[in-house]
Amino acid sequence: MIRRNIFEPIHCLIGKSPKLRHWKALEISQYLSETTLREIQWQRLGEIVRFSFEQNDFYRKRFRQAGLTPEDIRSPSDLRRLPVLTKSELRNNMSELISRGYHLEKLQQSKTGGSTGKSLELYFTEECSELRNACSRRHDRWTGWEPGEPVAAIWGNPHYPATVKEKLKQWMLSPVIYLDTMSVNEKAVLSFIEEWHKVRPTLIMGHAHSIFLLSQYLRDMSIKDLRPKGILSTSMMLIPSERRTIEEVFGLKVTDRYGCEEVSLIACECEKHEGMHLNIEHLFIEFIKDDGMPAASGEPGILVVTDLMNRAMPLIRYQVEDVGIPTDRKCSCGRGLPLMESITGRVADFLLKKDGTRVAGVSLIENTLTKLPGIVQMQIIQDSLELVTLNLVVDTHFNTLYEDKLVNYFEALFEHYAHIQINYVDAFNCEDNGKFRFSICKIKQ
Ligand SMILES: [Zn+2]
């Protein structure tokens with residue numbers, strides 16, 4: 001309570017952060033009627049469309065090519081006349097996509113390997129970042145967690161606080177303990193449990209499969225006293241069988257959340273777990289079938305998202321390479337935010353080390369692709385314990401120095417018993433379901 005009511009407000013006041021103000025507004029708006037929320041959403045869509053047409057070279061050209069002006073967009077079917085924005089278009093038109101009046105050096109940047117293994121650079125204002133943080137906070141509370149309470153984070157490449165100042169800040173706002181998905185083994189789990197007993201987190205958040213692995217260890221070790229208020233599964237598809245195991249081990253429901261680096265939080269389950277509430281205050285979300293038409297309730301469709309808040313680098317009809325199912329069902333919680341069923345198309349493969357440790361492919365991609373220049377896309381195939389193949393799509397920024405770094409990184413990771421082979425390819429083929437598998441383990445587990 002001291003963290004929530006004293007430390008955090010002071011921290012926001014000193015940093016002039018609007019996060020708490022945005023959060024309070026979002027806490028209220030979630031209970032507006034769906035009709036009112038959709039009116040707000042449509043008004044914001046009109047604003048971002050007009051703004052982009054006037055201030056953004058990329059969209060001005062795109063509208064003209066489609067023979068459209070902002071005034072022509074009076075309904076969702078009008079919006080569909082504008083082509084979807086693909087990841088490769090986003091990658092290839094980065095500088096054109098920055099609106100007039102915004103300067104790269106003043107914007108926040110995020111670089112991601114994303115769910116498809118292709119690198120992307122994204123830019124947004126600090127205000128937009130605070131809005132996203134406020135939104136995450138609202139949805140984090142749906143798990144039962146309250147701001148200021150300690151958190152256990154289970155994902156790859158955790159950002160451990162490095163300096164005394166950072167450590168103090170974390171302790172004053174919300175202490176975090178970590179389990180690194182780069183290396184989930186018995187030793188790591190034991191030290192995680194030891195820290196848990198000192199810090200007593202009330203929320204576990206992390207990659208679905210990693211939380212599942214932790215649950216398996218806890219079950220096998222008969223450890224039953226890790227009792228958080230909530231478990232938040234993010235960044236990966238939560239497979240029903242894994243969900244059941246997690247829920248059995250911890251004795252509570254998992255809160256499934258879906259989002260991406262490009263637009264942040266897209267949908268999240270509430271405490272009723274009757275579907276995922278769509279974040280329609282910040283996004284306009286379409287589910288589009290192969291023929292370009294919208295999917296009906298219960299039908300799968302590719303997610304196409306318009307970010308209503310990021311004017312610095314607007315994303316209008318951005319195609320997220322995931323498939324989801326919209327639904328007309330209503331949630332019994334009373335919130336006006338509409339529902340979708342779960343995402344149907346995202347599973348990351350984990351690689352295996354000799355000692356049985358599993359390594360999240362998504363974390364390896366983040367560790368290499370986003371740090372070495374020139375890698376456009378990457379795929380890791382573990383043929384056997386002795387052979388790991390890296391398939392790379394590179395551009396002119398890549399050179400042999402980076403190749404050596406890449407090989408050294410993977411050799412060290414697999415403790416020098418695996419041969420690391422690099423193949424250069426022009427492009428990758430998608431799986432039959434339209435998904436790209438960035439990490440494939442061929443070892444029978
Ligand atoms: Zn609900």
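Reply: A definition comes first. On a 1 Å grid over the protein atoms alone, a cavity is a set of points where a 1.4 Å probe fits but cannot get out, and lining residues have an atom within 4 Å of a point. This is a predicted model, in which local features need pLDDT of at least 70 and side-chain atom pairs count only at pLDDT 80 or more, while totals for chains, interfaces and linings use all residues. Residues are numbered from 1 along each chain as its sequence is written, and side-chain values use heavy atoms, with hydrogens and water left out.

Me: Which residues line the second largest cavity?

Reply: Leu122, Tyr123, Phe124, Arg132, Glu261, Glu262, Asn310 and Met313 line the second largest cavity. They count as lining because each has an atom within the cut-off of a cavity point. Strand E2 (residues 120–124) gives the largest share, three residues. Strands are DSSP runs of E with at least two residues, helices are runs of H or I with at least four, and both are numbered from the N terminus. The volume of the second largest cavity is about 30 Å³. A volume is the space filled by probe spheres set on the grid points, which are joined across faces, edges and corners.

Me: How many cavities of 30 Å³ or more does a search of the whole structure find?

Reply: Two. The largest cavity has a volume of about 60 Å³. Its lining includes Cys128, Arg132, Cys135, Ser264 and Met309. Helix H7 (126–141) and strand E8 (264–269) each give two or more residues to that lining. H7 has the largest share, with three.

Me: What makes a space a pocket instead of a cavity?

Reply: A pocket is an open set of points, with protein on both sides within 12 Å along at least five of seven lines. The second largest pocket has a volume of about 470 Å³. It is lined by 23 residues, and Arg38, Ile285, Glu286, Phe287 and Pro326 lie nearest its centre. Helix H3 (34–55) and strand E10 (283–288) each supply at least two lining residues. By class, the pocket lining has 13 nonpolar, three polar and seven charged residues.

Me: Which atoms coordinate the zinc ion?

Reply: Cys270 (SG), His277 (NE2), Cys331 (SG) and Cys333 (SG), at 2.1 to 2.3 Å. They qualify because donors are N, O and S atoms within 2.8 Å of the metal (3.2 Å for Na, K and Ca); water is not among the atoms, so sites may look incomplete. Along the chain, the donors follow the spacing C-x6-H-x53-C-x1-C. Histidine 277 in strand E9 (residues 276–278) and cysteine 333 in the loop between strand E12 (318–326) and strand E13 (339–343) are 56 residues apart, and the pair links distant parts of the chain.

Me: Why is the site of the zinc ion called tetrahedral?

Reply: Four donors count as tetrahedral if all angles lie between 85 and 135 degrees; four count as square planar and six as octahedral if opposite donors are over 155 degrees apart and all others between 65 and 115; anything else is irregular. The zinc site has four donor atoms with angles of 101 to 116°, so it is tetrahedral.

Me: How do you know whether tryptophan 142 is buried or exposed?

Reply: Buried means under 20% relative accessible area, exposed over 50%, partly exposed in between (1.4 Å probe, protein chains only). Tryptophan 142 has 5%, so it is buried. It lies in the loop between H7 and strand E3 (151–155). Leucine 226 has 2%, so it is buried too. Its loop runs between helix H10 (208–220) and strand E6 (230–234). Histidine 277 and cysteine 333 are also buried.

Me: What does glutamate 415 count as?

Reply: Its relative accessibility is 45%, so it counts as partly exposed. Glutamate 415 sits in the loop between helix H13 (400–413) and strand E18 (419–424). It has a positive phi of about 50° although it is not a glycine. Serine 264 has a positive phi as well, near 70°. Serine 264 lies in strand E8.

Methods: Nonpolar A, V, L, I, M, F, W, Y, C, P; charged D, E, K, R; others polar.
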